[in-house]
Amino acid sequence: MWNVTSTHPSLLTLNFGPMTEVKYVYGVITLLGFLIIVLCNCAVISSVVLHRSLQEPMYVFISVLCLNGLYGSSAFFPNLFVNLISQTQTISYAGCLTQVFCIHTYMGIEMLILTIMAYDRYLCICCPLRYTTIMSLTMVLKLVVSAWIFIICIFLAQFMLTIKLPLCGSFILKIYCDNWSVVRLACVDTTVNNIYGLFITFVLVPLPVLILISYIEILRVCVRASKDFQAKSLQTCTPHLVTIINFVIDVLFEILLHRFNPTNLPYELRTVMSLQFLVVPPILNPLIYGLKTKEIRVKIMKFLKGSDYKRDNDL
């Protein structure tokens, strides 16, 4: 039997390790990184929202991806910055659980939106005559709302299981809170939590498979198509493929850290690996779509040059 000595500590200590020696340098980098994320993602979202010509399925999905990037970054960067400029690197129990929920839902929504975007590209390239009928703006909004509700529901159940655990430890192995780091501090058996964690994994693992199937079908169509069609398809799909590959690699880093806990690796390398899915996608996504997608790039440049939005919206 476990000897439960407390329900939970009021403060949890984060593992900043050697970072505290140059914490102000990291603090400046963190602040600049967060500002870049906010500006870049807001620029893409504003361009889609303010221009009717961009209110098409692909651009709506891009703006949702950027909105999710802001959501995930807001759960991580502000707390990181505060800890870097503080004397002690701690987080409240409530703040830790809030961060757990936000970070996990951010990751799930990112993967689900990328899957929906792959389906959108499949319909656009493989079923062009039916595309506008199937992927109407109403359907796009239903898919987006359903994705958020679905992910929030499955992670809310995980959150409720975690919040019931009495904790006897107070040291988080990372510089942010995730579900595994909190569960490992429990004073009681966590079998139910582990089983539900596996359930979430089995729910989300098929998503990359669905993306792969979509692109196999797209490739089959492109092989039989003209050179112009292939070039146009490549231009349309490249940003999405880069985003998917980047995010999957980042999540694999996180999974490897969870499953194998490679303590023999240097602290700096383990920290970088654990931060990939929180830092890279929110920065990379708006840059890829803002720079690669001509329509968005043009609208952003018009905004920066002070062009007349009303005239553009009336076109």
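In this predicted model, the lining of the second largest pocket comprises 12 nonpolar, 5 polar and 7 charged residues. The volume of the second largest pocket is about 550 Å³. Of its 24 lining residues, those closest to the pocket centre are Met58, Arg121, Cys124, Lys232 and Thr236. Six helices each supply at least two residues of the lining: H2 (57–85), H3 (93–126), H4 (128–134), H9 (227–260), H10 (267–292) and H11 (294–304). The greatest contribution to this lining comes from H9, with 7 residues.

The largest nonpolar core contains 84 residues, and within it Ile62 and Ile175 touch the most other members. Helix H3 gives the most to this core, with 19 residues. When residues up to four places away in sequence are not counted, Ile175 touches Leu14, Asn15, Phe16 and Met19, as well as Phe76 and Leu80, and also Tyr267, Thr271 and Leu275.

Two asparagines were examined with regard to burial and polar contacts. Asn285 is located in helix H10. Its relative accessibility is 2%, so Asn285 counts as buried, the cut-off being under 20%. The side chain of Asn285 is joined to the side chain of Glu110 by a polar contact of 3.0 Å.

Asn193 belongs to helix H7, which covers residues 191–204. This residue is likewise classed as buried, because its relative accessibility is 10% and the class takes in values under 20%. A polar atom of the Asn193 side chain lies 3.5 Å from the backbone oxygen of Leu161. Leu161 is also in contact with Asn193 when neighbours within four places in sequence are left aside, as are Thr162, Leu165 and Val183.

Residues with higher accessibility were also considered. Leu129, in helix H4, has a relative accessible area of 80% and is therefore exposed, a class that requires over 50%. Leu129 and Thr30 are 99 residues apart along the chain, and their C-alpha atoms are separated by 47 Å. Leu212 is placed in helix H8, which runs over residues 206–223. With a relative accessibility of 52%, Leu212 also counts as exposed, because this value is over 50%.

Thr20 is situated in the loop between strand E1 (11–14) and helix H1 (23–50). At 33% relative accessibility, Thr20 is partly exposed, because the value falls between the limits of 20% and 50%. The side chain of Thr20 reaches the backbone oxygen of Gly17 at a distance of 3.0 Å. Between the C-alpha atoms of Thr20 and Val223 the separation is 54 Å, and the two residues are 203 residues apart along the chain.

Conventions. Residues are numbered from 1 along each chain as its sequence is written. This is a predicted model: local features need pLDDT of at least 70, side-chain atom pairs count only at pLDDT 80 or more; totals for chains, interfaces and linings use all residues. Side-chain values use heavy atoms; hydrogens and water are left out. On a 1 Å grid over the protein atoms alone, a cavity is a set of points where a 1.4 Å probe fits but cannot get out, and a pocket is an open set with protein on both sides within 12 Å along at least five of seven lines; lining residues have an atom within 4 Å of a point. Grid points are joined across faces, edges and corners, and a volume is the space filled by probe spheres set on the points. Helices (H or I, at least four residues) and strands (E, at least two) are DSSP runs, numbered from the N terminus. Ala, Val, Leu, Ile, Met, Phe, Trp, Tyr, Cys and Pro count as nonpolar, Asp, Glu, Lys and Arg as charged, and the others, Gly among them, as polar. Buried means under 20% relative accessible area, exposed over 50%, partly exposed in between (1.4 Å probe, protein chains only). A polar contact is a pair of N or O atoms within 3.5 Å; within protein, one must be able to donate a hydrogen and the other to accept it, and residues adjacent in sequence count only if both atoms are side-chain atoms. Contact means heavy atoms within 4.5 Å. A nonpolar core is a set of buried Ala, Val, Leu, Ile, Met, Phe, Trp, Tyr and Cys residues joined through side-chain atoms within 4.5 Å.
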